[in-house]
Amino acid sequence: MMKLYISLLILIFSFSTYAKTPTFQDYPAQTYTGKNQPLKLTLQSKKYRTLFKQMSQQQPNFAGHYVMETVGCGGGCSFALAYDAKTGQSFVLSDTFADCYSEQKGFTQNDIFFQKDSRLVMAVGSRYGDHAQCETVYYLVEKNQFKEISKQSR
């Protein structure tokens, strides 16, 4: 019985150690060619009404049918906004990403990466105010929200 538990622990840790880093190609998206739907704001997205109105006039640049914009929040910090051209829904990435710095690894500028033909978002930076704690966080957009699927310390 003890061998079984040890084997299961080794298996679990080996999967997490060697887990594949998500790539844009792993999460393809189909391109939407229809007309942009009227903008629908939520309590959270109303704060950025003007930006969302501008975004709702643009062609999708993310995940086939979304318009995505990165927004600076001051002092080396950013987050993302998304508008769904297919449904009109608007939503906000709840995490902000700040620049990172540690003596061992140096400076890392925060950034948010996305592609027109992929549902994956990759964000780099410090999420919780500890500028020495830098990470890469991977999100999928599902049901008009950002869902964290993986993270890696840098």
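**Disulfides, burial and pairing**

Q: What makes C73 and C77 a disulfide?
A: Their sulfur atoms lie 2.0 Å apart. The cut-off for a disulfide is within 2.5 Å, so C73 and C77 form one. This is a predicted model, and the distance is computed from it.

Q: What is the handedness of the link of C73 and C77?
A: The angle about the S-S bond is -70°, and the link is left-handed.

Q: Why is C73 called partly exposed, and why is C77 called buried?
A: Buried means under 20% relative accessible area, exposed over 50%, and partly exposed in between. C73 has 34% relative accessibility, so it counts as partly exposed. C77 has 18%, and therefore counts as buried.

Q: How do you know that C100 and C134 form a disulfide?
A: The sulfur atoms of C100 and C134 are 2.4 Å apart. That value is within 2.5 Å, so the pair counts as a disulfide.

Q: How many disulfides does the whole structure have, and what is the pairing of the bonded cysteines?
A: A search finds 2 disulfides. With the bonded cysteines numbered in sequence order, the pairing reads 1-2, 3-4.

Q: What makes the contacts of D95 with R127 and Y139 polar contacts?
A: The side chains of D95 and R127 make a polar contact at 3.1 Å, and those of D95 and Y139 are joined by one of 2.5 Å. The limit for such a pair of N or O atoms is within 3.5 Å, and both distances meet it. D95 also touches S78 and F79, when residues up to four places away in sequence are not counted.

Q: What makes phi of A63 and of K143 worth a note?
A: Most residues other than glycine have a negative phi. A63 has a positive phi of about 50° although it is not a glycine. Phi of K143 is near 50°, again a positive value in a residue other than glycine.

Q: Why is A63 called buried, and why is K143 called exposed?
A: A63 has 3% relative accessibility, under the 20% limit, so A63 counts as buried. K143 has 79%, over the 50% limit, and therefore counts as exposed. A63 is in the loop between helix 2 (49-55) and strand 1 (66-72), whereas K143 lies in the loop between strand 9 (135-142) and strand 10 (145-153).

Q: How do you know that F62 is buried?
A: The relative accessible area of F62 is 0%, and because that is under 20%, F62 is buried. F62 has its place in the loop between helix 2 and strand 1. Leaving aside neighbours within four places in sequence, its contacts include M68, F114, Q115, V121 and V141. The C-alpha atoms of F62 and Q115 are separated by 5.3 Å, although the two are 53 residues apart along the chain.

Q: What makes strand 7 and strand 8 a pair?
A: Two strands pair if at least two bridges are found between them. Strand 7 and strand 8 run antiparallel and are joined by 4 bridges, so they pair.

Q: Why do strand 7 and strand 10 stand at the edges?
A: The open sheet of 4 strands has the order 7-8-9-10, with antiparallel pairing. Strand 7 (111-114) and strand 10 each have a single partner strand, so one side of each is left without a neighbour in the sheet. On average, neighbouring strands of this sheet are turned by 20° against each other, direction ignored.

Technical notes. Residues numbered from 1 in each chain as written. Predicted model: local features only at pLDDT ≥ 70, side-chain atom pairs only at ≥ 80, totals over all residues. Heavy atoms only, no water. Helix = DSSP H or I, 4+ residues; strand = E, 2+ residues; numbered from the N terminus. Buried < 20%, exposed > 50% of the residue type's maximum accessible area, 1.4 Å probe, protein only. Polar contact = N/O pair within 3.5 Å; in protein donor to acceptor, adjacent residues only side chain to side chain. Contact = heavy atoms within 4.5 Å. Axes fitted to C-alpha atoms, helices over the stretch in contact; angles between N-to-C directions.
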